[in-house]
Amino acid sequence: MSAQPELVTVTIDDRTVQVPKGTGLVETAATAGIEIPVFCYEPRLGPAVGACRMCLCEVEGMPPKPQAACTLTAQEGMVVKTAQTSPMAAEAQEATLEFILVNHPLDCPVCDKGGECPLQDLTFRYGPGSSRMQFPKRTFEKPIPISPAISLDRERCILCYRCTRFSESVSEDGQLVAENRGSQTLITTFEDEPYTGAFTGNVTELCPVGALLPTQSRFLIRPWELQAAPSICGMCPVGCNISVETREGKVRRIHSRNHPEVDQGWLCDKGRFVYSHIYAEDRIVDPMRRVRRRGFGAVSWDDALDEVERMIRAAGTRIVTALSGSETIEQAYALAQLLRCGVGAHSAVLPEEFDEWIAAYRLPLSAIAAAEAVVVLGDDPVVERAPIVDLWIRQARRNGARILDASDKLDGLERIVLIDSGDGGERIGRLAAKLGLADKEGSGAFYLPETANGRGVVDAWAAASDDEPVDPEPISLLIVSGDEAAANPNVRALAEKAEAVLAITMFQGVAVGWADVVLPGTSYLERDGTYVNLEGRLQRLRRSVIPPAPDELAWISKLAERFGVEVSPYPAVVFEELSGKCYGGISYAEVGEHAPLPARPARSDVTPPSAPARPSKDKSSAGLQLVRYRPLFSGPAVERVPEIQFQRPAPEVELSMKDARSRGIANGDEVVVGSNGSSRELRARLSRTLRPGTVRIADEHAEGLQQRVEVSKPDA
């Protein structure tokens, strides 16, 4: 049991409150119902730096000058006066705003931040009524594109250092820096290189003025005209909480919606910027059917459903369904009801494989930050599968945790967190059982799926029927659900063997050409329903914009009627039926905006996974083991967003330091990667964490390479 915190009594503007000793003075004032205005202060960025001086106040017993409240903590008997009761503090705050505004442009009417700008608000409340400055304001080149996704307006910058602190202390990329000193200080990128990384867009939300803004919505939004819908991101298995902001029926911006246990208010760039894929030029809005000699042609929904019914009846049980893991639970369950209950077609290519053992080690993601040791298993980079998990691991390291792998000893450690990005997660289950993590408070395990709702889709498909699938040979009909499945090479290989293919996709470039019938798909931004994230947390997805075609539940419901199966077109009704089978009967309405994490089941209810029979690796073969991974910035949605293309993986091969030294390879060298007569020229990137004997290459740059490769310089 942790000791109760020591409470201290603090008086702020004649109001007395009790708070735990060491609480920040800004939070202490908030407890008393008093606001201390701030610009630079942001608790998620680490210790306060007192850069903006907006929080100046008077503290009895300290030197008789204004004190920066954000740098002070609550102590017993402290007496504080803010600008509300102290003339000295009021004068100091007014002077601070006057100096900030000396060179600040008066462009609020055309600034995208206008209407939600703290500088605007605080100037009205605390600033001087008029300016005493008669000289011209300083000007800079504007805007500066520090990346295709972010623009920098230096004239508006107030040097709060939120952006550089994020780059240094949260994402730890060190790319945003402050150049020069004093009044000549400028925010810039290191050596003027583009600002790259998985989390760059967070600085646009952190910036308290209009200095850093996303280019996608530049001059397209007025904050008071935006309508916000609380939802979750459908781009990876973390399930970050987001606010989808629309104007005139179009998504214009996505902001974080802080869930302290899941995302801490951060978003990766994929979740923040890729929303514009729903407006792609090749978006499918009508059903399409292959027409002899004329390629594909649009057909009516009635004709399309007639054709799909004919295909299903002709195929009988010789149907295979390939699921993406991006479907809502309700969509996957409705499709399973149609095919498994209505037709008896049980065969499916599921996006993930999950066992209930993982629930015994369930923890919120925030527990990673408090761990003594974080053990990272698997060769896929964590940031590519679940980027916010990478931020939690970095925070754990800053808090003193040891970041280990399976070969390290864990003796004497109580709070151990296991994270696995491998296939299926069997090894993490066995290791968690061996270490007894189910009985250790603060210890647990996470398996990182490849898809956003893989866990939920597997639950929904299994809940529809207990019948075992029998793989049909040959496949009469392949049903491909979603763009991720349609872009999967394994699914494409099945399509070549199938007699007919029905594809449900958003984009013409994904399925048109190899499918026989294509039905329009929808995005997570256009759906109501539920997802299950990698913690096992059930979360609500809310429709933010109207899709250009009926959503999947609507036409599945109509099609199911033709096979005598009752499937509701309403997600709430479908969920109520499914919830009793999978989620303890929780109602749709109870899946709130900040969904709680289900409790761990009793250990006796969970059987740890047994070691599966795996084919032995050929250790006698020459060369290095190739690990291919799917990058975060890849896939059909990313390919249709121009502003994010610079984030796609470079043509490089990642080697361990040991393997690079033995081959005389330095970081950045051009190398040849070859296997079985195929070769590719890539740039070498050295890694301190990749295990020796292994190389790692993104899927799109590993085409033609086999399981074992050799890496050498071109002249070797």
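Predicted model: local features only at pLDDT ≥ 70, side-chain atom pairs only at ≥ 80, totals over all residues.
Student: Why is helix H8 called roughly parallel to helix H12?
Tutor: The axes of H8 (residues 329-341) and H12 (residues 454-464) cross at roughly 30° and come within 8 Å. Angles under 35 degrees count as roughly parallel, so H8 is roughly parallel to H12. The crossing of H8 with H12 is right-handed.

Student: Which residues of H8 and H12 make the contact?
Tutor: On H8 they include Ile329, Ala332, Tyr333 and Leu335, and on H12 they include Gly456, Val457, Ala460 and Trp461. The residues of this contact divide into 13 nonpolar, two polar and one charged.

Student: What makes H2 oblique to H3?
Tutor: The axes of H2 (residues 87-100) and H3 cross at roughly 135° and come within 10 Å. Angles over 145 degrees count as roughly antiparallel and 65 to 115 as roughly perpendicular, with the rest oblique above the parallel cut-off of 35. The value of roughly 135° therefore makes H2 oblique to H3. H2 passes H3 in a left-handed crossing.

Student: Which residues make the contact of H2 with H3?
Tutor: Gln93, Glu94, Leu97 and Ile100 of H2 meet Leu119, Leu122, Thr123 and Tyr126 of H3. Five are nonpolar, two polar and one charged.

Student: Which helix gives the most to the lining of the second largest pocket?
Tutor: Helix H3 (residues 118-126) does, with four residues. The pocket has a volume of about 540 Å³. Its lining has 26 residues, and Leu101, His104, Pro105, Leu106 and Thr123 lie nearest its centre. The lining divides into 13 nonpolar, seven polar and six charged residues.

Note on methods: Residues numbered from 1 in each chain as written. Heavy atoms only, no water. Axes fitted to C-alpha atoms, helices over the stretch in contact; angles between N-to-C directions. Helix = DSSP H or I, 4+ residues; strand = E, 2+ residues; numbered from the N terminus. Left-handed = near helix turned anticlockwise from the far one by under 90°. Contact = heavy atoms within 4.5 Å. Nonpolar A, V, L, I, M, F, W, Y, C, P; charged D, E, K, R; others polar. 1 Å grid on protein atoms, 1.4 Å probe; cavity = no way out; pocket = protein on both sides within 12 Å on 5 of 7 lines; lining within 4 Å. Points joined across faces, edges and corners; volume = space filled by probe spheres on them.
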